[in-house]
Every structure is written in structure tokens, then in C-alpha cells.
Amino acid sequence: MNTICDLATLAAAIPDGAKLAIPNDPYGVAMAATRELVRRRVRDLQIVCVPTSGIQADVLIGADCVASIETSAVSVGEYGTAPRFAAAAREGSVKILDATCPAIHARLQAGMKGLPFIPLRGLLGTDILAQRPDWKVIDNPFVPGDPVVVLPAIRPDVALFHAPRADRLGNVFIGRARDLVNIAQASHASLVTVEEVVDDNLLEDPERSAGVIPALYVARIAVAPCGAWPLGLPGRYGPDGAALGRYAQAARTREGFGAWLAAWLAGTSSAAVA
Amino acid sequence: MSATKTEILIATIARLLEGCRSVVIGNQSPIPGSAALVARELSDGALRVTILGSRRHTDFTNGGVETFDRAAQGRVDAFFLGGGQIDGEANINLVGSGEYPRVDVRWPGSFGSAYLYFLVPRVILFREEHTPRVFVKKVDFVSAPGTSPPGVYRPGGPWKLVTGLGLFAFDRSRKRFALESVHPGHTVDEIVANTGFEFDRSTSTPTTPEPEPRVLALIRGRIRDEIAETYPKFAAGLAE
């Protein structure tokens, strides 16, 4: 199967109601693909932020694409709490499953391994645990008298992320952004946007192949130059602080967000949208 | 030029890191980040500094998860946490004020606090804004508790609290803060009036010492340049 497709085809592979895993801001957020998702009016997504999110989750919430979000935080970097996420919390319009970073990582790791659950230190006595009936406390079976939290595995339906490059066989280079490996292995299918597609086989170079997600986890790849904008991609480009600041300011009101969204959806490339 | 408020905070936190081998700085933490770099210089490089969000100071290759694994193995000696609310028993709230889940004001979220607060031996609470809305009698949501009952695995926890007004120590067995020093230009009365919980204090609380000339020179030179990689706006605001 040819995994290379265009952005709209990639976005169409995420059905309404999908459990969608997305990475945190510095490590390859697929913003161009997110725009296609909003364009096709996706609904009722169950977002799993690994382990936090920023403008991506905020835009999806503001555009009414989200039913629930599991996350350890949603913030627009130095601009603080993500505004549409905060509004949704106040209004109760989106189900928020508050977590802590290592708990989301651990649940994905259980998913990767095909395990039903995984233990994690910490969490005892927190309101995070108190609000999560799906998380349990057991007694350490090896050293009784040691309470340990156990968390159910997550197997997201789809992982969506952005990476520097892919080859035509569907292998994706991610470098040291290793959380993407966990996301890809835990999810049933990965949809990946890349800066470019190369003609050689990324797995053939032993000095670099450890930084590659093999094609077996990857369902579709679309080329999206500057596809993380206004967020950055390590080694390629940094975040666009001015654009993020404009978003954080505009999205403080529903009307301001609506105007920002209309301009963003009208754009065709990253440069076309201020 | 005498030390600025920011420089006093950086120097104060740097002193708290003395003797540590490894410190991790979370996101959006320019003052703790600068302090860690000062402490590294004063330790002749014995202190390993990891700054999340910095390419130069990212000394891990297994993703964000590696930092948490390191902490659980005891490979992180110090970490910083803040909070929209912090109470007198060192419970911290990073989720929101009001009744959860439909809080009045929503903050980003708990990040790694519900885990690292249990595992890192010296957690330094840092919140520059010292007001009654931050330092409350009881937090509205416990992102991470200050103490745990006997039997809970907890090698770590709150150790010190640094605010824009003073430095406190936390006594885990008594579940109580004690004021250790007041920053120059401020008073004990001012701290009492701006703190929503009771804390211990002596009749002669010392003033937080000004940074030594060597430390001040570091902050205004090498550290200013180094922290600019991660926090350019913050570095530009530091004195030269």
C-alpha cells in the first residue's frame, strides 16, 4: 500500500469519536493536519495529550471538535492557560480527565506492551486520583503494606504527529523525540505529516536507524512543509512566539477565537496566515 | 549597582542547591533555571543541570518519559514546583480555583507534580507572587499533597519555599512552614498580612543575604548569556 497521501486524505482517516493521541508542543505537533481536521468538521474526538498540549488542543476545543480530553496540562507556553480549554472547563462543555505527565506515559507504555495495566509511584492522596474511578490502588504483591497506584493501558485509535522526514516505504525519522515512538507503538495507527519525503530507505543506515519509527506502525504520511507552525520542529525551526501570542490574545473571547479560526482556515500555507 | 529583586531570588535559590548532584528545571522557569546554572558554576561543574525546553541542557535521549524514570530511580536531587494555590501544609494546586471540575479559574494543569513531589528529595516551591490568593489556608484541588501518611512510598517532598517576599523551610513531620529569612526591603508583618496560613517565625528573622559579588558577576555575565538560549525575553530583562 502506498502510505503517501495528501493532507485532506490523511485528515479523513480520523473518524468522528476517535481516541486521538497527540504529542506535546516541542516535539512535532501536526498543526497543518489539525487545520484539515477542523476543515472537515471532525466531531467528538477523545484527545489524549502526551503528556500535555497547547494551541493544538485549544483550537480543537474551540472549534467544537472535542468530547473529552485527557491531559496533564494545556497551556500556550509563556502565555499561560490555553483560553478555549479554560472556557470549556468553566462551562463544563468538554469532559476533562486531569492526569499527571508520567501517568499518561505509563498508560501508553502499558498499551505498547499489550499489558492490561501498569503501576506508578506517586499520586496517592491527590485529587487527580480521587477524580479517576478508572485508576486503582493495590497493595504491592511482593512487599505487602506498600500501596501502589495502577493505571489501565491506553490504546489510542490514532496517533497524529509531525516529523522531519519519511521515506517512500513509510519509515519516519523522529530523531531523539522518543515519546513519538511510544505514541506510535501504543496506537492502532499513526498518521504522520513530514517536512519532506526522501528516496532512500531510512532503516538502512545503522547510524541513524535508531531514530526511525518503522513503517509497520504508520498508516498514512502527508507532506506538510512547516507543518508544525506556529509551533516548532527540533532541528528545523523554532516556535513562532509572535503568532502564538496573537492566538493567546485573540482566543480569550469566543468572538476573537472565531475571527482567528476563520483566518486560519482560509490560509493554505503557514506563511499565508498571520 | 546593588542586586535587583530577581538577582536576590536567583542567588537565594542557588544557595539552596548547594550539595546537589542533579537538578531538573521544568518548563517556564527562568529564575530557577538561572539559579541552577549559578549553582553549577559554584560547584565547579559537579551539579548536573537539565533544563526542559533547552537544546543545550537536554541531557536525555529517551524522550520526556526519561526525566520521570530518572526521578523514580533517585537520579534527580532537586526540582521546582509552583502552584496557583499553595497552602500551609504544602499542598499545591495547579488545576484551578473554585469547585472542580467547573472551576472559577482554570490553570494549565498538574504537569508532573503528582509524581515528582513524591520522589525528588529536595522539592523547592517557588512562587514569586506572594499574596493571600496564592498562599491560602486550604487549596481547592490537591494536585500534589505536601505530606503523606506512614506507609506511602515517599522519598521526596517539599523542602523550601521561595517567594518574592521571603524564604521558608518546610517541616514534613509537623506539616508546617517556618520563615527563615525576609528579602531586603520587606518585613515579617508584610509577609504575615499576605499569607493565608499560619507559619512559625522567630522574633528576630534575618534578612535574606544580598548576592556575593562573584554570584552577581556570574548572573550578569555568563549565566545571562546561557539562559538566553531558553528564555531570551527573560535574559534581555536581566541587568548587564
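Me: A residue counts as buried if 20 or more other C-beta atoms, placed from the backbone, lie within 10 Å of its own, exposed if 12 or fewer, and partly exposed in between. With that settled, which residues in H2(B) are buried?

Reply: This is a predicted model, where local features need pLDDT of at least 70, side-chain atom pairs count only at pLDDT 80 or more, and totals for chains, interfaces and linings use all residues. Residues are numbered from 1 along each chain as its sequence is written, while chains are lettered from A and ligands numbered from 1 in the order in which they are written. H2(B) is mostly covered, with 11 of its 13 residues buried. They are Pro30(B), Ile31(B), Pro32(B), Gly33(B), Ser34(B), Ala35(B), Ala36(B), Leu37(B), Val38(B), Ala39(B) and Arg40(B).

Me: OK, and how many Å does helix H2 of chain B reach from its first C-alpha to its last?

Reply: Helices (H or I, at least four residues) and strands (E, at least two) are DSSP runs numbered from the N terminus, and H2 of chain B covers residues 30-42. The expected span is 1.5 Å times one less than the number of residues. For H2 of chain B, that expectation is 18 Å, and the reach is close to it, at 18 Å.

Me: Now H6(B): on which residue is its kink centred?

Reply: Helix H6 of chain B runs over residues 213-227 and reaches 19 Å, close to the 21 Å expected. Its buried residues include Val215(B), Leu218(B) and Ile223(B), and what covers the buried ones includes H1 (5-16), H2 and H7 (232-237) of chain B. The bend is the angle between axes fitted to the seven residues ending at a residue and the seven starting there. In H6(B) the kink is about 40°, centred on Ile219(B).

Me: Is Arg176(B) buried or partly exposed?

Reply: Arg176(B) sits in strand E12 (residues 176-182) of chain B. Beyond its neighbours within four places in sequence, Arg176(B) is in contact (C-beta atoms, placed from the backbone, within 7 Å) with Gly88(B), Asp171(B), Phe199(B) and Asp200(B). Because 18 other C-beta atoms lie within 10 Å, Arg176(B) is partly exposed.

Me: Last one: which helix gives the largest share of the side of chain B that touches chain A?

Reply: In all, 36 residues of chain B are in contact with 38 residues of chain A. Helices H3 (65-72) and H4 (113-119) of chain B each supply at least two residues of that side of chain B. The largest share, five residues, comes from H4(B).

Notes: Two residues are in contact if their C-beta atoms, placed from the backbone, lie within 7 Å.
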